[in-house]
Each structure stands twice: as C-alpha cells, then as structure tokens.
Amino acid sequence: MCSSCRKPYYITTAIAYTSGKPHIGNTYEIVLADSIARFRREQGYDVRFQTGTDEHGQKIEEKASQAGVTPKEFVDQVAGQIKEIWDLMNTSYDKFIRTTDADHEAQVQKIFKKLYDQGDIYKGYYEGLYCTPCESFFTESQLVDGKCPDCGRPVQPAKEEAYFFRMSKYAPRLIEHINSHPEFIQPVSRKNEMMNNFLLPGLQDLCVSRTSFSWGIPVSFDPKHVTYVWLDALTNYITGLGYDCDGNHGDLFKKYWPADLHLIGKDIIRFHTIYWPIFLMALDLPLPKQVFGHPWLLQGDGKMSKSKGNVLYADDLVNVFGVDAVRYFVLHEMPFENDGVISWELMVERMNSDLANILGNLVNRTISMSNKYFGGLVENKNAAEGEDASVDEDLKASVLASVKKTVEKMDQLRVADAITSIFEIFRRCNKYIDETMPWALAKDEAKKDRLATVLYNLTEAIVIGGSLLESFMPETAEKILSQLNAEKRKLDEMDTFGLYPSGNKVTQTPQILFARLDLKEVLAKAEEIQKAQMAAHAAENAGQAENAGQEEGCASSQQEIDLEPKPEITYDDFAKLQFQVGEIIACEAVPKSKKLLCSQVKVGSQVRQIVSGIKAHYTPEEMVGKKVMVVTNLKPAKLAGVLSEGMILCAEDAEGRLALMKPEKDMPSGAEIC
C-alpha cells in the first residue's frame, strides 16, 4: 500500500533528560514505544515515531560546572550516549530531536512571544517567604512552626521576577475535553488522579521563565529570563514535525498532528495532560488523541544506586543476554498499570524458561525433526482423521485465537498481554508435539504422511508466531523465519492457517536462538559490572570535587560545620523518640510541591507514608530500595496536603546538600536504632 493511502499514526516518547546515562527503567519506554510503532506499521499505518532529549535547565548547568565543561559540551556527550542506547536496543524511531536544535529553540521563542502578546503569559513576581536551599517561596500559612514546610529551615522575605502562564483561563475547557474524551488519559487511574488532585481543586498560574540560571532558551524580548522547562520541553512534539508559530507549517506537521499517542512515564502525566493541552489550546491547535502514563520498571531488590554499582543499564544487560532477550523482558514483565520488577536473577529465569525452552527449543526441535525424517522438506499431506483431526483443529483454532487476542491487546496498549498471547502459540506447539509424538509416528512407515502433516502444522504455527513476534523481538523473528525459509506473514493474512508453501525446505543446521545460562556465572558477571560502576562513580565524584575546589578556591571539598547548640535534654527526653531502620519500597513526587517526595517506608511488618523535603537531592527512583533511619513515633502531620507518618533522617552540609542517614551494615527493616 502506498504511503499516501495509509492512515498516519504519530507516536512519541517523553524526551530523555540529559543529566546522565539512562538506566534500564528509562530505556524501557523507548522499547515500549518501538513495539507499538512496529505493530502499527504491521497494521498498515503510516507511522511517525519521535523521541529525543531534553537538554536545558539548572541541574544540567550545575552538572556541567562540576564536570568542568560547558553545558553544551555536557549535553552533547550525554545526548550521544542516549542515542547510542536507543540504537543498541534496535528502536525504529524516525526523528531524534534535541531541545538545543536551532529550529526548536527558534520556535520556542516565537511561541513564548505569541502567548505573551495574546495575554496568556504575563510578567509577575514570586513574592513571599523564601527558602534559599529549596529555592521556593511560601506564604505565612504554609510554614510549619515558622519554617520551611519542605526542609524545616529558616525562611527570609524575598521577591523574584518571573513570567507566568494563565492556566486557569483554559481549565474549564480542558475539564470538558477530558470528560468528553474518556480515551484521552490512560490508564483510567491516571485520569482520575489528574481530575481530582489538580483540575477540580483549581489550577494555579504556571511559572514559565527563570532568572536564577542561564542555561535555557532566552526570552527574546526579555533576555535576562530563560524559558522554563515545560514550555521548552513539551513543544518538541510539534517543533519536531515542522510546526511554525507564524503558520508556515511543514508537510509533516500537516500530516501527522495531532499525535495519536504520547507515551510517557506516570511521574510526568500531569505535565502532559494538563500543561501541554492548555498550551495547545492557547496556540489554537488540536490536542493529542491519547496520553498513556506507563508504570515504572523497578530494580528487583529495590537498591539501585551508582555508589553501590547496581544500577542496571541496557548495554550491560545486552552484553550478557542479547538485545532481544532484554527487549522481551522489559516488555513482558511490565504490567499495564502496576510497576514491574527487574533483576539479574529474574532475567536468567526468563531466559532459560521462556526464551531457551519454550521458544528456542521448539524451533530447534521442529527443524531438526524435519531434517531427520524428511531431509528438511516440509509438506502438507492433510493426513488427519478422527482424533488426529480433532487435535489438529484445536491447534489451528488456538493459533488463530492467539493472533486475534494479540491484536486486541495491542489496540488496548496492553503490550505485556500481547506478548503472552504470542507465547501461547509456542506453548500450544510444544503441547502439540507431546500430543502427536512425532518420534513414535516415525517408527511406522504407514504413518509417514501423518508425520509430515504434524511437522507442517508445527512449521506453519511457528511462522505465524514468529511473524507476530517481529514487533517485539525483531532480530529473533528474522532468525526464526529465515531458518524456516519463510516470508514474514502479513497481519491481514494471519486469519488463515496453512499458507506456508508445501514443499519448502527448512535450513539444514538449526541455529540456537537462546542458550541456557548458568545463574552463578551471570551473577559473577554482574559483580564485575558492579565493581566497574563503583570505580567509575568514585572517579566521577573525585573529578567533581576537584572542579568544585578549583572554582571555589577551596583546599578541601568538605568543610567542618559548627552548629549553634540547642538546649540540653535528659536521657528521658531522648528515650521518648523511637528510631528504626526503614526500607523505602515506593516513592513519588508530591503534587503541588517542588521539593517534597512521598515515600512508602516498610518498618517491620508495617508500611508508613513519610513526606520529606529532599526532592532537590534525590529522585524517586534513587530512593526506592534504600534502608534509612526513621523517627517512627512522630505525631502524623500533613505537608502540602499529604499525610506524613514519621521522619527520614538526613545529614546536611554547609551548602545545604543532604545525605540520607543509612545503617553501615545491612540491617532488617524495623531494627531499633539505639
């Protein structure tokens, strides 16, 4: 079908932030998007698949300074690293956009000016009580005991100039759109969260410029301001298509906008379903058809940190398991709404059970039997009567049902379920071998035609399963079909069983698709990777400390700190506090707060929700799995409207940097600290 006859389909990922190398959880999103893009192509769509990098902001400016390079040099290096990993994972994107691209920056400036000229952006001030370490303003009523509600430190009266976007102007229109388009936000749980927590209570105007750092796109008519993150980053979805704020749009924009699917992590769903649609409304552009907030892929033992050397990166996993095994794992192990788990142990288990045994062994056995009994010739003799016919029909019905189910699940974006449906074909084939026992048929010359029919049915079923598998494991699908001497079956041809050309010959020497792995050997490799990570992390920290010392003229990167002493207390006063070891099993940013993280902390057999003002120092992903010191008998309190049932203890240096207090040795959650 010619491209002009096919229906366009535009899919995007969130653009990766160039603060560092993406771990496997970040990589999951591009693989997920790729599987959807590939499947839509199989369905006949003219697909446009865009990804890229978000390259501005204060954090990058600081990291570049620590590394002793310019921000542009820093993002060039990281963006190249991200692109290498996307390519390593065999993702079929059409456009890799960078927010430092000149055409993107030019359009962002024009968009900012347009929105300002039409009154949607106005200049104002942050004014109130300012917490310097948190870089945040608060009203008197928001303070806790007269101090910052996020970190508990003193605040000072301050005022800062900024530009704001009038979010409330478009909120009623967005609420109506969400209510009238139930498919707009998926899963439904994300929709309910956005409506109940943000839109219905009322939107505050959004800050869209900053003056406290310079690494950003300057506001053209007020260059001391730079465009703040979301008005810069979100617009990549249209600038990457050739959107022009003056109306001279490129052909790609005219063809593919509005987007069919924005695929993003659940942590940034608010920005894509509230801020982004409102920006589009202000620009008088159609809204994307669907935003899907996928769950997170978490480290199996929860303890992912560079200092421990156990961050899982795609390239390390690929070196051990191969590209398609990693693709299979991240796609198959991620539920539709709940977080998934990954570990070296789970990878080995899936490699050996699903890939080596169920799939690899099936293909190898089928090809080997065709060669052994018929010299590789595969012929359909249609030899099936009575019970044999019933067994064959059940196989065929099962295969065709799995095809239909796979399509249904992909239309619902339930990718893990779709892969399960495909592997149901391979499982059914293995059962069919047990039912028909080809080795027994081969002993009876009178049953030779029946044996040929069995092997034909197996070959046909594997061709269908292998063709379906292409969207998820493209290299494996190609290997399977090549060994069976078969063309990839088109999706609209998979409603018929028996299209494999009778008389074809399979390869003489079957290739092992997936070799079984020894867990001890894999864990030994993982330990080597861990040591290398720890060494690299130590070297990076040493380099940052050296740069910091050079910039500040310091003889040492650490300063001694003398605190103003508090009044003495008795042992009885101290004994009233209960300190325990807690394990963080989940963590997310607190809505409406720039500095708060909300952690679910396992203390013994209980799970407590604890809110901490540490967002500037730790990401939610970094928090998960850490064992920390917790005050467990504090009276519960609400911070930014979220209940907190304890306190996580941190140390703070002279520059306001925080470090979690953690037990020196691995202690069980709930252990008393005394």
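Let's start with two strands, E19 (residues 597–603) and E20 (residues 606–612), which pair in the antiparallel sense over seven bridges. Please keep in mind that we are looking at a predicted model.

Now to another strand, E21, which covers residues 627–631. Is E21 enclosed or open? Five of its five residues are buried, so the strand is largely enclosed by the rest of the structure. Here is a general point that helps: in a regular strand, side chains alternate between the two faces of the sheet. In E21, Lys 627, Met 629 and Val 631 are on one side, while Val 628 and Val 630 are on the other, and all of them are buried. Both faces of the strand are therefore covered, with every one of those residues under 20% relative accessible area.

Which strands pair with E21? One of them is E18 (residues 579–589), in the antiparallel sense and over five bridges. There, Glu 583 stands opposite Lys 627. Another is E24 (residues 647–648), again antiparallel, with two bridges. The bridge partner of Val 631 in E24 is Met 647.

Let's move on to the helices. H11 (residues 314–321) and H12 (residues 323–332) have axes that come within 7 Å and cross at roughly 120 degrees. The crossing of H11 past H12 is right-handed. What meets what here? Leu 317, Val 318 and Phe 321 from H11 meet Val 323, Ala 325 and Val 326 from H12. Sorted by type, the residues of this contact are six nonpolar, no polar and no charged.

Phe 321 brings us to the nonpolar cores. In soluble globular proteins, nonpolar side chains tend to be buried together. In this model, the largest nonpolar core has 106 residues, and Phe 321 is listed with Ile 36 and Phe 472 as having the most contacts inside it. Which helix gives this core its largest share? That is H13 (residues 344–374), with 13 residues. There is also a second, separate core of 52 residues, which includes Ile 111, Leu 203, Ile 269 and Tyr 275.

Let's zoom in on Phe 472 for a moment. Leaving out residues up to four places away in sequence, Phe 472 touches Ser 35, Phe 39, Arg 327, Leu 331, Met 410, Val 415, Ala 418, Ile 419 and Ile 422.

Ile 178 lies in helix H5 (residues 171–180). Is Ile 178 buried or exposed? Its relative accessible area is 1%, which is under 20%, so Ile 178 counts as buried. Beyond four places away in sequence, Ile 178 touches Phe 184, Ile 185, Lys 191, Met 195, Leu 199 and Thr 273. For a sense of distance, Ile 178 and Glu 664 are 486 residues apart in sequence and 49 Å apart in space, C-alpha to C-alpha.

Our other residue is Asn 197, in helix H6 (residues 188–199). With a relative accessible area of 36%, Asn 197 is partly exposed. The C-alpha atoms of Asn 197 and Arg 270 are separated by 9.9 Å, although these two residues are 73 residues apart along the chain.

Definitions and conventions. Residues are numbered from 1 along each chain as its sequence is written. This is a predicted model: local features need pLDDT of at least 70, side-chain atom pairs count only at pLDDT 80 or more; totals for chains, interfaces and linings use all residues. Side-chain values use heavy atoms; hydrogens and water are left out. Helices (H or I, at least four residues) and strands (E, at least two) are DSSP runs, numbered from the N terminus. Buried means under 20% relative accessible area, exposed over 50%, partly exposed in between (1.4 Å probe, protein chains only). A nonpolar core is a set of buried Ala, Val, Leu, Ile, Met, Phe, Trp, Tyr and Cys residues joined through side-chain atoms within 4.5 Å. Contact means heavy atoms within 4.5 Å. Axes are lines fitted to C-alpha atoms, for helices over the stretch in contact, and angles run from 0 to 180 degrees between N-to-C directions. A crossing is left-handed if the near helix is turned anticlockwise from the far one by less than a right angle, and right-handed if clockwise. Ala, Val, Leu, Ile, Met, Phe, Trp, Tyr, Cys and Pro count as nonpolar, Asp, Glu, Lys and Arg as charged, and the others, Gly among them, as polar. Two strands pair if DSSP finds at least two bridges between them.
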